[in-house]
Amino acid sequence: MTIVSCRNVKKVFVMGKEEVHALRGITVDIDKGEYVSIMGPSGSGKSTLFNMIGGLDTPTEGGVEVENVKLADLNSSQLAWFRCRKIGFIFQSFNLIPTMSALENVSIPRVFAGKTPHEAREDARKVLDRVGLGHRLDHLPSQVSGGQQQRIAIARALVNKPLIILADEPTGNLDLHTGKEIIDLLNEMKHDFGVTVITATHDMKMLSCSDKIVQIEDGSVKSVDTQASVRVTVGSIDGETVM
Amino acid sequence: MARNTDIPEQTRVSWPIVFRVSISGLQRRFGRAMITLTGVVLAIAFLCYMLVHEAFIRAMILADLDSLNILLQQNDIDIFSGGQMDPMTYLLIGLTLLTCLVGIINAMLMAVTERIKEIGTLKCLGATDQFIVRAYFVESTVQGVCGAAFGLLLGLLVAVLVTVRTYGGYTFRTFPLPAVLVSLVVSLLAGALLSITAAIIPAYMAARKQPIEALRVEE
């Protein structure tokens, strides 16, 4: 079942007198429960495409539909509703609220979804437990490691049981080993929560668990591969197989 | 453009919850909050000092005691003016309050700029513009009102000390309780009004930030 459908999406940024074509007509379908990696060099337009799927940006031409809802038709409050319940965002630099504890960070999307602070905390506690941070509930983001911060962020993205996890370079600020753990966790969550995972990345480790790999170059789709068609050579760190 | 009606409007977060979120943020940024607060404390302390001191002097003039009148004149008080503050003093107070207003606006605008990423992230998680406005409004107002309360006490204390130093026991013998209370209330209202006014612009600036900036801004 198609969950995200991008139809001939074009985006033109006007910088002074110059027009920058970030996306030159992208058509991609993403199915429910897929793990999709959008790959491409920086400046290829993958972040722009990403922002469109998350309802953060609107295309100049073409349309993005999520669950048959055309995002461009939503007002800002509806978009907030949509982002709150349908999308879980994961960022490269974690973007946790520095003044909130792990538990508070994870409970805030529940509060936005209309739950009482008490219910929100209970739900947050469960998800934090699930990502292996049940013992770090009251720590501030600055008091835990990068990998643990990204786990908190994953818990925060999952707490509202979204349709889609949008992860922008989720391993970009992590070392190889921790990055691998985060990818594994995302993959587990895909199975546990039945959520569709879309990542923008140039981390090759990501390929091994991707169902679909979309290569973007210069604002256009260069290729769409399924995992079977991509051969990834296995390397190792610390004597351990990473791919 | 045809609006989609399948998707409802985002749930509103109630004031008590906004309050809790803002207060816990303030507690964890205590040092920073204290600096913003100090501006308000000083301005309101000055206002309160001037008003209370004036009330004392006026009460002592009205008491019309010979020895006190001599003391007042020795301190260059024009006892025939009834102890009224001159226009320059009012101007000075006004300027102080204005400086303070600009100070809080500036501090809050900096807080907004510093936290663009935080605001953007919250919007990605489902915060509405209204939530952001309320959160920053509460933060700024709480700082202002706390600052005003401290300023009030400081101003009162200094006014009593200064008056006691010059006029000794006369201060309490002629203590103008109603006038002092009025001065305190006026100072508190001025402080609250000041901080609420200062809160409006930064709160709207914060709400206008787009969530996309959360992804763009790098540390």
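How many residues of chain A are in contact with how many residues of chain B? I looked this up first. I found 31 residues of chain A in contact with 31 residues of chain B. I call two residues in contact if their C-beta atoms, placed from the backbone, lie within 7 Å.

A note on the model. It is predicted, so I take local features only at pLDDT of at least 70 and side-chain atom pairs only at pLDDT 80 or more, while totals for chains, interfaces and linings use all residues. Residues are numbered from 1 along each chain as its sequence is written, and chains are lettered from A and ligands numbered from 1 in the order in which they are written.

**The side of chain A that touches chain B.** I noted that α1 (46–53), β5 (69–70), α2 (76–86) and α3 (102–112) of chain A each supply at least two residues. Helices (H or I, at least four residues) and strands (E, at least two) are DSSP runs, numbered from the N terminus. The largest share, eight residues, comes from α2(A). By class I read 16 nonpolar, 10 polar and five charged residues on this side of chain A. Here Ala, Val, Leu, Ile, Met, Phe, Trp, Tyr, Cys and Pro count as nonpolar, Asp, Glu, Lys and Arg as charged, and the others, Gly among them, as polar.

**Chain B overall.** I see nine helices and zero strands in chain B. Its C-alpha trace spans about 85 × 35 × 30 Å along the principal axes. Buried residues make up 40% of the 219 residues in chain B. A residue is buried if 20 or more other C-beta atoms lie within 10 Å of its own, exposed if 12 or fewer, and partly exposed in between; these C-beta atoms too are placed from the backbone.

**One residue in chain B.** I picked B:Val52, in helix α2 (residues 30–63) of chain B. Why is B:Val52 counted as buried? B:Val52 is buried because 27 other C-beta atoms lie within 10 Å. Leaving out residues up to four places away in sequence, B:Val52 touches B:Gly155, B:Leu156, B:Ala159, B:Val180 and B:Ser183. I also checked B:Ile35, 17 residues from B:Val52 along the chain: their C-alpha atoms are separated by 26 Å.

**A helix pair in chain A.** I turned to α5 (residues 146–158) and α6 (residues 176–193) of chain A. Residues of α5(A) that meet α6(A) include A:Ile154 and A:Leu158. On the α6(A) side I noted A:Leu185 and A:Phe193, among others. By class, this contact has seven nonpolar, four polar and two charged residues.

Methods. Axes fitted to C-alpha atoms, helices over the stretch in contact; angles between N-to-C directions.
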